[in-house]
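Here's a quick briefing to read alongside the model. Have the viewer open and follow along.

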Amino acid sequence: MKTTLSVIKADTGSVAGHNRPGEAMLAKARERITLTGLCALALGFIGSFLLARNLSGPIRVLSMVAGEIGEGRLDTPVPNMSRKDELGDLSKAFHGMAARLKELDRMKRDFVSGTTHELRSPLGIIESHANAVRQDLEE
């Protein structure tokens with residue numbers, strides 16, 4: 001009977017976690033979980049970096065083009081991005097805006113040119129009459 005009790009005590013000790021092979025398994029599991037977590041964290045950082053770079057590149061290009069157009073260089077080509085997201089929509093809007101600004105600039109130049117021409121004729125006539133009147137007064 002005495003031998004039976006000692007076997008039960010030995011089993012109870014192993015279930016309670018005082019067994020060295022069980023502790024080794026737990027340590028190995030902790031090590032695997034830690035390694036898996038670190039790998040997931042590294043992959044998350046790499047993925048975030050690539051996503052940020054993918055989004056910021058087109059925004060940087062559109063910002064440079066907007067600066068060029070803002071400085072009056074309306075012939076600056078606007079990149080036509082073939083994206084199906086908001087950046088593609090923004091690129092199309094920039095392209096339309098640049099075309100409209102170029103057209104408005106052309107219309108302004110035509111208006112100023114036409115107005116200047118139309119004003120020169122009456123001013124020329126007035127100047128001719130003023131010269132004739134001055135010559136008559138001098139005689």
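## The quick picture

The protein chain has 3 helices and 0 strands, and from the N terminus on its elements run α-α-α. Bear in mind that this is a predicted model. Of the 139 residues in the chain, 9% count as buried. As for how far contacts reach along the sequence, take those between residues at least 6 apart: 44% of them join residues at least 24 apart.

- α2 runs over 20-70 and has 51 residues. From its first C-alpha to its last it reaches 74 Å, close to the 75 Å expected at 1.5 Å a residue.
- α3 covers 86-138. Its 53 residues should span 78 Å at 1.5 Å a residue, and its end C-alpha atoms are 75 Å apart, which agrees.
- On α2, the buried residues include Pro 58, Leu 62, Val 65 and Ile 69, and α3 is part of what covers the buried residues of this helix.
- On α3, the buried residues are Leu 87, Gly 88, Ser 91, Phe 94 and Ala 98, and they pack against α2.

**How α2 and α3 pack**

- In general, a pair of packed helices is described by the angle between their axes and the distance between those axes.
- Here, α2 and α3 pack at about 10 degrees, and their axes are 11 Å apart. With an angle under 35 degrees counting as roughly parallel, that makes α2 roughly parallel to α3.
- From the α2 side, the contact is made by Leu 55, Pro 58, Ile 59, Leu 62, Ala 66 and Ile 69. The α3 side brings Leu 87, Leu 90, Ser 91, Phe 94, Ala 98 and Leu 101.
- Sorted by class, this contact of α2 with α3 has 11 nonpolar residues, 1 polar residue and no charged ones.

**The nonpolar core**

- Which residues make up the largest nonpolar core? There are 8 in all: Leu 62, Val 65, Ile 69, Leu 74, Val 78, Met 81, Phe 94 and Ala 98.
- α2 and α3 each supply at least two residues of this core, with α2 giving the most, at 3 residues.
- As background, nonpolar side chains tend to be buried together in soluble globular proteins.

**Ser 91, in helix α3**

- Is Ser 91 buried or exposed? Its relative accessibility is 1%, so Ser 91 counts as buried, the cut-off being under 20%.
- Ser 91 lies in helix α3. Setting aside residues up to four places away in sequence, Ser 91 touches Leu 62, Val 78, Pro 79, Asn 80 and Met 81.

**Between the helices**

- Just after α2, Gly 72 takes a positive phi of about 100 degrees.
- Thr 76 sits in the loop between α2 and α3. At 18% relative accessibility, Thr 76 falls under the 20% cut-off and therefore counts as buried.
- What does Thr 76 touch, not counting residues up to four places away in sequence? The answer is Val 65, Glu 68 and Ile 69.
- Thr 76 and Val 65 are 11 residues apart along the chain, and their C-alpha atoms are separated by 6.8 Å.
- Val 65 and Ile 69, both touched by Thr 76, also belong to the largest nonpolar core.

Notes
Residues numbered from 1 in each chain as written. Predicted model: local features only at pLDDT ≥ 70, side-chain atom pairs only at ≥ 80, totals over all residues. Heavy atoms only, no water. Core = buried A, V, L, I, M, F, W, Y, C linked by side-chain atoms within 4.5 Å. Buried < 20%, exposed > 50% of the residue type's maximum accessible area, 1.4 Å probe, protein only. Helix = DSSP H or I, 4+ residues; strand = E, 2+ residues; numbered from the N terminus. Axes fitted to C-alpha atoms, helices over the stretch in contact; angles between N-to-C directions. Parallel < 35°, antiparallel > 145°, perpendicular 65-115°, else oblique. Contact = heavy atoms within 4.5 Å. Nonpolar A, V, L, I, M, F, W, Y, C, P; charged D, E, K, R; others polar. Expected span 1.5 Å × (residues − 1).
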